[in-house]
Amino acid sequence: QTFPAPQLDKRGPCSEVRENTSRSGMVSLGQQYSIGDQGEEKKNFYLSGMSKCPRCGNGTRSSSCSAGCRMNGDAYGTDEFHCSCGWSTSFQWDEASDTYYYETSGWQKEQQRLRESQSAATKA
């Protein structure tokens, strides 16, 4: 599934951040977003180390947008990856999550189970 890039002003997606103050401190609140490929190519890109485009094999460039920061200092946001062939994707991250790119939670285990089943089939 592919999502269009957000409409950005000159300040970029982070310009939507609102600051809320309370007696206990300052909090920055913003929204994370998704762009480009959000399907199997994104997953393959992640599992292969996130350095080469899954379509053409060229290197990718990345940028990061911090959407907000909680009162305890944990930030969250979106990392974008782009290739010169036109392919792009994004990953949402959260410093408070057990998995930094929390949407990838379980992908490594899934890949390991697939390898084990392929290995068992080869031995049989």
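I started with R70, which is partly exposed at a relative accessible area of 30%; buried means under 20%, exposed over 50%, and partly exposed in between (1.4 Å probe, protein chains only). A note on sources: this is a predicted model, where local features need pLDDT of at least 70, side-chain atom pairs count only at pLDDT 80 or more, and totals for chains, interfaces and linings use all residues. Residues are numbered from 1 along each chain as its sequence is written, and side-chain values use heavy atoms, with hydrogens and water left out.

I found R70 in the loop between β5 (61–69) and β6. Helices (H or I, at least four residues) and strands (E, at least two) are DSSP runs, numbered from the N terminus. Which side chain does R70 meet in a polar contact of 2.8 Å? It is that of D94; a polar contact here is a pair of N or O atoms within 3.5 Å, where within protein one must be able to donate a hydrogen and the other to accept it, and residues adjacent in sequence count only if both atoms are side-chain atoms.

D94 and R70 also form a salt bridge, with the closest N and O atoms 2.8 Å apart. This pair links distant parts of the chain, with D94 in strand β7 and R70 in the loop between β5 and β6, 24 residues apart. A salt bridge is a side-chain nitrogen of Lys or Arg within 4 Å of a carboxyl oxygen of Asp or Glu. D94 is buried, at a relative accessible area of 13%. I also checked A96: its C-alpha atom is 9.5 Å from that of R70, and the two residues are 26 apart along the chain.

**The other salt bridges**

How many salt bridges does the rule give? I get 3. R55 pairs with E41, the closest N and O atoms being 3.1 Å apart. R55 sits in the loop between α1 and β5 and E41 in helix α1, 14 residues apart, so I noted the pair as a link between distant parts of the chain. R55 is exposed at 51% relative accessible area, while E41 is partly exposed at 25%.

K42 forms a salt bridge with E103, and the closest N and O atoms are 2.8 Å apart. Here the link runs from helix α1, which holds K42, to the loop between β7 and α2, which holds E103, 61 residues apart. K42 counts as buried at 2% relative accessibility, and E103 is partly exposed with a relative accessible area of 26%.

**Helix α1**

Next I looked up which residues of α1 are buried. They are K42, K43, F45 and Y46. They lie on the same side of α1, because they cover an arc of only 160° around the axis; the arc is that of the directions from the helix axis to the C-beta atoms. What do the buried residues of α1 pack against? I listed β4 (36–37), β6, β7 and α2 (107–123).

After α1 comes G49, with a positive phi near 105°. M50 has a positive phi too, about 60°, although it is not a glycine. Most residues other than glycine have a negative phi. M50 lies in the loop between α1 and β5 and counts as buried at 17% relative accessibility.

**The nonpolar core**

M50 turned up again in the largest nonpolar core, which has 12 residues: F45, Y46, M50, C53, A75, F81, C83, W87, F91, W93, Y101 and W107. A nonpolar core is a set of buried Ala, Val, Leu, Ile, Met, Phe, Trp, Tyr and Cys residues joined through side-chain atoms within 4.5 Å. At least two residues of this core come from each of α1 (40–47), β6 (75–82) and β7 (88–94).

I then took W93 and left aside its neighbours within four places in sequence. Its contacts (heavy atoms within 4.5 Å) include Q32, S64, A75, D79 and Y101.

β5 and β6 run antiparallel and are joined by 8 bridges; two strands pair if DSSP finds at least two bridges between them. S64 stands opposite D79 in β6. The hairpin has 5 residues between its strands, and in it G73 takes a positive phi near 95°.

**Whole chain**

Last, I looked at the overall layout. The protein chain has 2 helices and 7 strands, in the pattern β-β-β-β-α-β-β-β-α along the sequence. Of its 124 residues, 31% count as buried. Among contacts in the chain with a separation of 6 or more, 50% come from residues 24 or more positions apart.
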